[in-house]
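Trainee: Can we go through this one together? I'd like to start with the charged side chains.

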Amino acid sequence: MMHKQKPLVIGHRGAAGEAPENTLASFALALEQGADGIELDVHLTKDNEIVVCHDATLDRTTNGAGWIVEKNWEELRSLDAGMWYSEAYIGERVPLLREVFDLVPRGHLINVEVKHAYEGRMEKALLAFLQASGRMEDVVISSFDHKVIRRLKVAEPEVKVGLLYTANLIDHAGYAEQIGVDVYSLHPYHHLIGDEDVKAASAANVKTYPYTVNELRDYKQLISFGVSGIITDYPGRLRKLLD
């Protein structure tokens with residue numbers, strides 16, 4: 001029996017199963033496929049621009065090389081971030097976070113994953129960006145670095161924060177309480193959260209957004225648990241099931 005409340009469809013790095021991850025084309029495809037939100041990863045350039053890329057280096061997903069934090073934005077803007085995936089995406093670029101915000105309509109969830117604190121520079125740049133964007137309510141900032149999450153929430157109480165983790169915790173909701181700030185959401189690896197965990201989180205008014213879920217049987221199980229949203233490489237596949 002499926003849970004009455006439908007989870008949000010959240011496109012992982014856009015529609016990473018069908019387009020080059022973390023590109024504007026990938027985010028556009030996720031939205032076309034009916035995603036309620038997107039998940040993306042951010043790094044900081046040498047000149048403090050926030051760019052959307054999973055890896056700290058350029059080597060895997062672009063025709064460039066080296067550490068993003070050692071490059072100025074001018075050096076990154078001409079790189080190709082699509083040809084590695086397929087010829088159909090030649091010319092896709094590494095986007096700035098603000099370009100993604102321009103693309104995604106208001107009211108859609110934007111889950112920004114912080115990959116690295118960069119000695120506090122990322123937190124400062126990200127909060128300044130969000131405060132200027134006027135879209136704080138659309139955004140959840142998540143990270144595997146829970147100290148970063150706590151510092152962000154202390155610095156800006158209005159920001160929504162989520163805990164990313166790969167652990168079979170005894171008490172998921174209880175761990176969120178131990179962080180010492182108001183945690184908006186839990187982002188567990190999807191095989192490591194169960195029905196009772198989701199119910200306990202819901203009772204504590206904490207959302208659950210498990211990642212990265214791509215199989216039909218896993219979609220169905222998580223829907224039956226009543227998760228708040230599902231992060232998937234195939235938002236179209238999940239949307240079709242929900243509809």
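Trainee: Is E74 buried or exposed?

Mentor: This is a predicted model, so take the values as computed from it. E74 is exposed, at a relative accessible area of 55%, because the cut-off for exposed is over 50%.

Trainee: What does E74 pair with?

Mentor: With R77, in a salt bridge at 3.5 Å, N to O. R77 has 40% relative accessibility and counts as partly exposed.

Trainee: How many salt bridges are there in the whole structure?

Mentor: The search finds 14. One of them joins D36 and R239, where the closest N and O atoms are 2.8 Å apart. That pair links distant parts of the chain, 203 residues apart. D36 sits in the loop between α1 (24-32) and β2 (37-44), and R239 is in helix α9 (residues 235-242).

Trainee: How accessible is D36, and how accessible is R239?

Mentor: D36 has a relative accessible area of 25%, so it is partly exposed. R239 has 15%, which means buried, as the cut-off is under 20%.

Trainee: Which residues are linked in a network of salt bridges?

Mentor: R13, E21, D41, D55, R60, E113 and K115. E21 also turns up in the lining of the largest cavity.

Trainee: Cavities, then. How many are there of 30 Å³ or more?

Mentor: Two. The largest has a volume of about 70 Å³. Besides E21, its lining includes N22, T23, H54, W84 and V94. By class, that lining has five nonpolar, five polar and one charged residues.

Trainee: What lines the second largest cavity?

Mentor: H190, H191, D218, Q221 and L222. They divide into one nonpolar, three polar and one charged, around a space of about 30 Å³.

Trainee: Switching to open sites. What is the volume of the largest pocket?

Mentor: About 200 Å³. The pocket is lined by 12 residues, and Q5, S202, V206, G226 and S228 lie nearest its centre. The largest share of the lining, three residues, comes from α7. α7 (195-203) and β8 (207-208) each supply at least two.

Trainee: How does that lining split by class?

Mentor: Three nonpolar, seven polar and two charged residues.

Trainee: And the second largest pocket, what's in its lining?

Mentor: 14 residues, with L8, G107, L109, Y184 and Y209 nearest the centre. The classes are five nonpolar, four polar and five charged. The pocket's space is about 170 Å³.

Trainee: Last topic, α4. What span should that helix have?

Mentor: Helix α4 (residues 121-133) has 13 residues, so at 1.5 Å a residue it should span 18 Å. The end C-alpha atoms are 18 Å apart, which agrees.

Trainee: Which residues of α4 are buried?

Mentor: M122, E123, A125, L126, L127, F129, L130 and S133. As background on the spacing, an α-helix has 3.6 residues a turn, so residues three or four places apart point the same way.

Trainee: What covers the buried residues of α4?

Mentor: The cover includes β2, β3 (50-52), α3 (97-103), β4 (109-114), β5 (139-143) and α5 (146-155).

Trainee: What about the residue just after α4?

Mentor: That is G134, which takes a positive phi of about 70 degrees.

Notes:
Residues are numbered from 1 along each chain as its sequence is written. This is a predicted model: local features need pLDDT of at least 70, side-chain atom pairs count only at pLDDT 80 or more; totals for chains, interfaces and linings use all residues. Side-chain values use heavy atoms; hydrogens and water are left out. A salt bridge is a side-chain nitrogen of Lys or Arg within 4 Å of a carboxyl oxygen of Asp or Glu. Helices (H or I, at least four residues) and strands (E, at least two) are DSSP runs, numbered from the N terminus. Buried means under 20% relative accessible area, exposed over 50%, partly exposed in between (1.4 Å probe, protein chains only). On a 1 Å grid over the protein atoms alone, a cavity is a set of points where a 1.4 Å probe fits but cannot get out, and a pocket is an open set with protein on both sides within 12 Å along at least five of seven lines; lining residues have an atom within 4 Å of a point. Grid points are joined across faces, edges and corners, and a volume is the space filled by probe spheres set on the points. Ala, Val, Leu, Ile, Met, Phe, Trp, Tyr, Cys and Pro count as nonpolar, Asp, Glu, Lys and Arg as charged, and the others, Gly among them, as polar. The expected span of a helix is 1.5 Å times one less than its number of residues. Contact means heavy atoms within 4.5 Å.
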